[in-house]
Structure formats: structure tokens, C-alpha cells
Number of protein chains: 2
Amino acid sequence: MTSPSIVTAAMLAIGDELLSGRTKDKNIGHLADMLTMVGIDLREVRIVADDEGAIVDAINALRSRYDHVFTSGGIGPTHDDITADAISKAFEVPCVHDAKAMELLAAMYERRGMEFTEARKRMARMPAGAAHIPNPVSTAPGFAIGNIYVMAGVPQVFQAMLDALLPTLKAGTPVQSRTVRSPYGEGVIGGPLTQVQKNHPETSIGSYPKFDGKSFSTDIVIRARDEALLAAAEAEVTAMIEAIGRSRQDD
Amino acid sequence: MTSPSIVTAAMLAIGDELLSGRTKDKNIGHLADMLTMVGIDLREVRIVADDEGAIVDAINALRSRYDHVFTSGGIGPTHDDITADAISKAFEVPCVHDAKAMELLAAMYERRGMEFTEARKRMARMPAGAAHIPNPVSTAPGFAIGNIYVMAGVPQVFQAMLDALLPTLKAGTPVQSRTVRSPYGEGVIGGPLTQVQKNHPETSIGSYPKFDGKSFSTDIVIRARDEALLAAAEAEVTAMIEAIGRSRQDD
């Protein structure tokens, strides 16, 4: 058995609208799904306002702590889109109209017979030296600098950028998971499940209550990077639930 | 015009399942809506795993910075429910089986003819001296200590606890908002809107692109704590959009 490799990540979602409730975030859950699939551990998420100080502080806290940091939001053409400025400030480099991005956008607006306004030119701004993250939906690129990947907040664009970005990133050994459905609530399975977790320290066993308006049931999720460890823990969880069922029939 | 009062808040959502993508959070958006309604400014959200160190660090960072801190998740009966322990550690007080919570739970299980198992007793654990947050859905209380409000992760329970809690909290002057729908994308309105924001520095004007698969339109949201300021900015935004419409007809 080779030792699994661990690659960690954080996400920073940026935007007043997420904190006022006006927009319900859809990017965090999508990123979580995609990272789990490719074997990158999402360890922390933060949401902050369109506030330069808050963005700079969060970026600096996260980029030293995790292998990858993904951001969403604040890269459009309006005055409240300040992510490019804030990231530049965090890296202490100038925020410039990137020449290649200016060309891409100028050509796109030319094709569409639209004016390349000053506001639209804002979308070409990024920290000097940043690499592009392609945007097949609406052209204006995201960008990568250091271990920070800056993407749009509009979910269709965020998802398209992530699809382009993910295959280029260092990933780890994917975590596999199995879900065992328990008809009993956590109050019934909690004690025995603690023992199962102790018996299988190299797996992570999570317990997720579901409430249908009348009673609780539980999904037990076992996670591991190794198939044999996963199968052994799953067998013991299944046996545990069967044993609970028998003991309750005896009551 | 009396000076508006500002009360700030942060949220900490706790749970491995939110970071693996298995569960899509529903509590952040709900809390954001409710806080906006009562006049509390949600300034920051963090999501961390069921990891004591991560919870303690986040709690200590947030509780000194904001008036109120709301948490969700990790207060059930299983081994991965470690929020009560982590909060106790952050406040350096023992985590105890609260006597009143033990009574409530014992009576509930008695009524339902169910055993009050060791796992279920875990749900009575909280930092010594904490106050209860009532749980009309499933009895096991949340708790408040200092400016931290610890609630369940199951959305129905989170929402019920929040309904009980919010009327007891210090709130500020609610922010009011008006949305002006623009048929033009941000690239068209970005320049003129920057000027409108400059003319109305005491309002916050946000611009939210919408993409229908073919083209972008924009919702312009104006926020202020004073009705007159709001109306003046709204009038100027509306006039701006009409002017853009006229100039495009002239083209």
C-alpha cells in the first residue's frame, strides 16, 4: 500500500450580496463536489464582502495555510468589482490592464459590434504577471497568481473556469466514500458508532441526521483513501445496524 | 435624522459534509436573510470541518471582531459532534452535561418511551454556565455563551432555534434596499453607475449580473439605512438607465 498524498484547499467567496441574503451561493457546494472528485481536500471556506481590507486579510491568511485557494466573485466591470485590486494588494504587485486580456475582449466586442467601454476594460485588469484562467462563456478571463485562482461569481462562468483550471492543478489521492443508511436516529447509533470509529482510526466516519418532519434517520458516511480500509469499516457499520435491529426486535 | 446604529455579526458553519460537497449548506443564506431583516450586518462567514483546532481558532478570531457570532452544526449525539467541546475550549470552561438540558431530554424520551442512551445524553453537553436556545423541533437545546450562539445544522432545527433567539438580540437600524432592473449588462452600465455611487456616498450600490445563457442583464441594488437617501439614489439610477436607453436608440 503506497502512502496517500494529501493536497489541501480553501475557498474565498466574495460579495456583499452573499452576506445580505440577496444571492444564495451556489459555488461553494459545486467546488466542494469537484475537489472531492479529483482528490483535493477542501478544508475551509470564507465569505467576505466587497471590501478590500477584508479580502486582503482573508487571502493572506488562506494562501499560507493551504496548497490551493479558489475565489469567486468581484471580477466584473463595475465599481464594486474590486477583487483584482485586492489580490494585487495582497501580492504587493500593480494591478494592470493585461495586454492579452485586452486583446481577447477587444476582439470579442468587435465581433459582436459592441463598444469596448471603460467599464468593460476593467475586466482585463489583473495583478501584473498573473496567468489567465480561460472563460469560454463570456470571454473575460479569471486569473491565477501564486496559489490563488480567481474566478467569476456567476455560477455558469465559475463552473466553466473551474473545468478549465482543475486538470492543471496538483491533486492528491481521492478520498472514496460509502454511505450506509440507518433507519435509526443518531441517539440510537451514536454509542456503537463511536466504537466502530475507534476500531477504524484510518477512516473518517461521519453521521448525518435526516429529519422528515416526524422522526430522525441517519446517513453514515465512511471515508478513506484506501479501498480495503473502506470495505472493512463499511462491513462493521452494516453489522452494527443489523445488531441494533435484532436488539430492538427483542425489546 | 438620527444616526443609524450598526450591529455586526459573523457565522461559523461546522461540518465535514459541507466541505466534501455531500451536504449543500442551507443555513448561511437563511441567516443572511433573517439578519438583514432585523438590522444586523452579517460581515463574514466561515465553514470549517469537525476539527477542534479549526473550530477554536475560528471562534476566537470571530468573537473578538463582531458583536454576534452564530454557529451551525456539530451538536448532535455522535462522536463527530464536537462543537460543544470546542466552544468550551475556546472559552476555557469545562464542557458539562447541563442539568436543565438533561431534564428536558430525559422527560422527552420518557414521554416517547425511548431509552435515554449515553449518545443522547451527549446532546445535553454545553460549556458550564451557557444559556439555552430553545429547540421546539427536537428538544435538544442550542446554547449561548458570551456573544456566541450555537445552533443545530439540520435546517429545520437551525431555523426554529434562530426564530427563538433573534428577538432577544441587540439589533441595529435595518438596511433598506431597492432593486432596479437593468436590461443592459454591466459593461454598459458600469461607467455611469460608478458616477452615481460617487454622487451618493452614504448608500451602497451593488450590481449583480444575470446570465440567461445568451446575454447578460443586471440587477442594481441600492442599500441605505435612511429612506430619503435611498429614494434619491434610486431616482438617479432609474434616470441613468433611461438615458442609456435613449442613447442606444440614437445609435
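The model is a predicted one, with local features needing pLDDT of at least 70 and side-chain atom pairs counted only at pLDDT 80 or more, while totals for chains, interfaces and linings use all residues. Residues are numbered from 1 along each chain as its sequence is written, chains are lettered from A and ligands numbered from 1 in the order in which they are written, and side-chain values use heavy atoms, leaving out hydrogens and water.

Over residues 10-172, chain A is 41% helix and 21% strand, and the end C-alpha atoms sit 15 Å apart. Helices (H or I, at least four residues) and strands (E, at least two) are DSSP runs numbered from the N terminus.

Helix H3 of chain A takes up residues 52-63, and its end C-alpha atoms are 16 Å apart, which agrees with the 16 Å that twelve residues should span at 1.5 Å a residue; the expected span is 1.5 Å times one less than the number of residues. At the start of H3(A), a side-chain oxygen of Asp51(A) comes to within 3.2 Å of the backbone nitrogen of Gly53(A). The helix has a buried set made up of Ile55(A), Val56(A), Ala58(A), Ile59(A), Ala61(A) and Leu62(A), where buried means under 20% relative accessible area, exposed over 50%, and partly exposed in between (1.4 Å probe, protein chains only). Those buried residues pack against strands S1 (8-14), S2 (41-48), S3 (68-72) and S8 (148-151), plus helix H4 (83-91), of chain A, contact being heavy atoms within 4.5 Å.

Zero disulfides turn up over all chains, a disulfide being a pair of cysteine sulfur atoms within 2.5 Å. Thr139(A), though not a glycine, has a positive phi of about 75°; this residue lies in the loop between strands S6 (131-133) and S7 (142-145) of chain A.

Chain B superposes on chain A by a rotation of 180° with 0.0 Å of shift along the axis (RMSD 0.0 Å).

Methods. A polar contact is a pair of N or O atoms within 3.5 Å; within protein, one must be able to donate a hydrogen and the other to accept it, and residues adjacent in sequence count only if both atoms are side-chain atoms. Copies are superposed by least squares on the C-alpha atoms of residues with pLDDT of at least 70 in both.
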